[in-house]
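Please look over the sequence and the structure below before reading on.

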Amino acid sequence: MSPEQISIIQATVPILETGGEALTTHFYKIMLNDYPEVRSLFNQAHQQQGTQARALANAILRYARCIDNLGALGNLPAQIIQKHVALQILPEHYPIVGTCLLRAIREVLGAEVATDAVIDAWGAAYWQLANILITAETEEYDKLASAPGGWRGIRQFKVVAKQPESSEISSFYLEPMDGAAVIRYQPGQYLGLKLLIDGQEMRRNYSLSQHADGRSLRISVKREAGGVVSNYLHDKVTLGQVLEVFPPAGEFVLKDSAAPLVLISGGVGITPTLAMSEAALLAGEREVVFIHYARNAEVQAFGSTLHQWEREHPQFRKHIVLEDGTPDDTVSGRPTLEQLKQWIPAHAHAYFLGPKPFMRFINQALAAIGLPEEQRHYEFFGPAEALQ
């Protein structure tokens, strides 16, 4: 990009701060109406809730602010790359996005603001980022394809078991139809599925909820009210059914450390923390503190697994907090700073997932306890938004 183009991008930051969501909402409307071939790549529930538009607006704003220093973007590119890999975003999708984005900028801002120079600058900015992502994603696809047990694109897996874990969550155990080995994914990663429901292609990501064994995969899915894919999996998918599966992806993974490990989850956020906990327990004597919050005993999942780990591993401690009701081994109520102060060891590394308000509270509580930012790790289910 030329210095003049960089200056133009920087000058649009105030516009993005006030009207970025309107721009990205219009962008999605254009793209999903004019290019139906990409609709399967987007979760329509996130579209209706506005979370996808907000997440994209935040990402574009961060990119504009860092246009002259892309290193300041931090882990944002890595998050985008992994989401794209899980959904199998390919180089041919990028021209569609670029065309629709530039058109949205022109139509939302108007020709007087979105002059030819502004459109040219944003075109250059878009393709600068697109080329970075395309290169990194191609490298990731190649790495997954060449890894032992890895593959590229679709691989067929058979549902060999379907296990209810609570009144809302069921686990699906998958084994490859070709009988070959399965890549040893990292604990915390997720799996992409490609499904055909009522004639419509849909793609979704679901967390892998057990450690990698080199032979099979397990995802655990919450039935969401109005969720087309989650309800299809719960109600229609049966034993022996073949699913089309993309390779595991995700950069929210358990890091090597001897420090105490704290895993904090709300609701279905428990799924990746199970894989992390199991991997840590199998690896050695690292202290593991497992803290889980749920509405009640009916929706609290994996209770028997957690009990078993507590019996078998002296370094494992669990704390289950239920908003409604108090079985003997649980605590009643909602998350509190006092609880976390009592349960979290000094110098711990904490990983947390759940609903966004829950995650905001946990992040603030961990900071208040004294855990520095580099020891607090989190990921959003769905489009990422700021925790602040």
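Which residue in β5 does Y173 stand opposite? Y173 stands opposite R218. This is a predicted model, in which local features need pLDDT of at least 70 and side-chain atom pairs count only at pLDDT 80 or more, while totals for chains, interfaces and linings use all residues. Residues are numbered from 1 along each chain as its sequence is written, and side-chain values use heavy atoms, with hydrogens and water left out.

**Strands**

- Helices (H or I, at least four residues) and strands (E, at least two) are DSSP runs, numbered from the N terminus.
- Two strands count as paired if DSSP finds at least two bridges between them.
- Strand β1 (residues 155–164) runs antiparallel to β2, and seven bridges join them.
- β1 and β2 make a hairpin, with four residues between them.
- One of the bridges sets P164 against S170 in β2.
- β2 also pairs with strand β5 (residues 217–222), in the antiparallel sense and over six bridges.
- Buried means under 20% relative accessible area, exposed means over 50%, and partly exposed lies in between (1.4 Å probe, protein chains only).
- Strand β2 (residues 169–176) is mostly covered, with six of its eight residues buried.
- β5 is mostly covered as well, with five of its six residues buried.

**Helix α6**

- The expected span of a helix is 1.5 Å times one less than its number of residues.
- Helix α6 (residues 94–109) has 16 residues and should therefore span 22 Å, which agrees with the 22 Å between its end C-alpha atoms.
- The buried residues in α6 are Y94, I96, G98, C100, L101, A104 and I105.
- These buried residues pack against α2 (13–34), α4 (51–65), α5 (76–87) and α7 (116–146), where contact means heavy atoms within 4.5 Å.
- After α6 comes G110, whose phi is positive, near 85 degrees.

**Salt bridges**

- A salt bridge is a side-chain nitrogen of Lys or Arg within 4 Å of a carboxyl oxygen of Asp or Glu.
- Side chains of opposite charge can pair when their charged atoms come close.
- The structure holds 15 salt bridges.
- K143 forms a salt bridge with E140, and their closest N and O atoms are 3.4 Å apart.
- K143 and E140 are three residues apart in helix α7, so about one helical turn separates them.
- E140 is buried, at a relative accessible area of 12%.
- E287 and R317 meet through their side chains in a salt bridge of 2.7 Å, N to O.
- This pair links distant parts of the chain, 30 residues apart: E287 is in the loop between α9 (270–283) and β8 (288–294), and R317 is in strand β9 (residues 316–322).
- E287 is partly exposed, with a relative accessible area of 28%, and R317 is also partly exposed, at 31%.
- R334 forms a salt bridge with E323, with the closest N and O atoms 2.9 Å apart.
- Here too the pair links distant parts of the chain, 11 residues apart: R334 is in the loop between β10 (330–332) and α11 (337–343), and E323 is in the loop between β9 and β10.
- R334 is exposed, with a relative accessible area of 53%, whereas E323 is partly exposed at 36%.

**Pocket and cavity**

- On a 1 Å grid over the protein atoms alone, a cavity is a set of points where a 1.4 Å probe fits but cannot get out, and a pocket is an open set with protein on both sides within 12 Å along at least five of seven lines; lining residues have an atom within 4 Å of a point.
- Grid points are joined across faces, edges and corners, and a volume is the space filled by probe spheres set on the points.
- The second largest pocket holds about 190 Å³ of space.
- Its lining includes E140 and K143, along with Q82, L144 and Y185.
- α7 gives the most to the lining of this second largest pocket, with three residues.
- By the cavity rule, there are two cavities of 30 Å³ or more.
- The largest cavity holds about 50 Å³ of space.
- The largest cavity is lined by T12, I15, L16, L23, I105, L109, V118 and W122.
- α2, α6 and α7 are the elements that give two or more residues to this lining, and the largest share, three residues, comes from α2.
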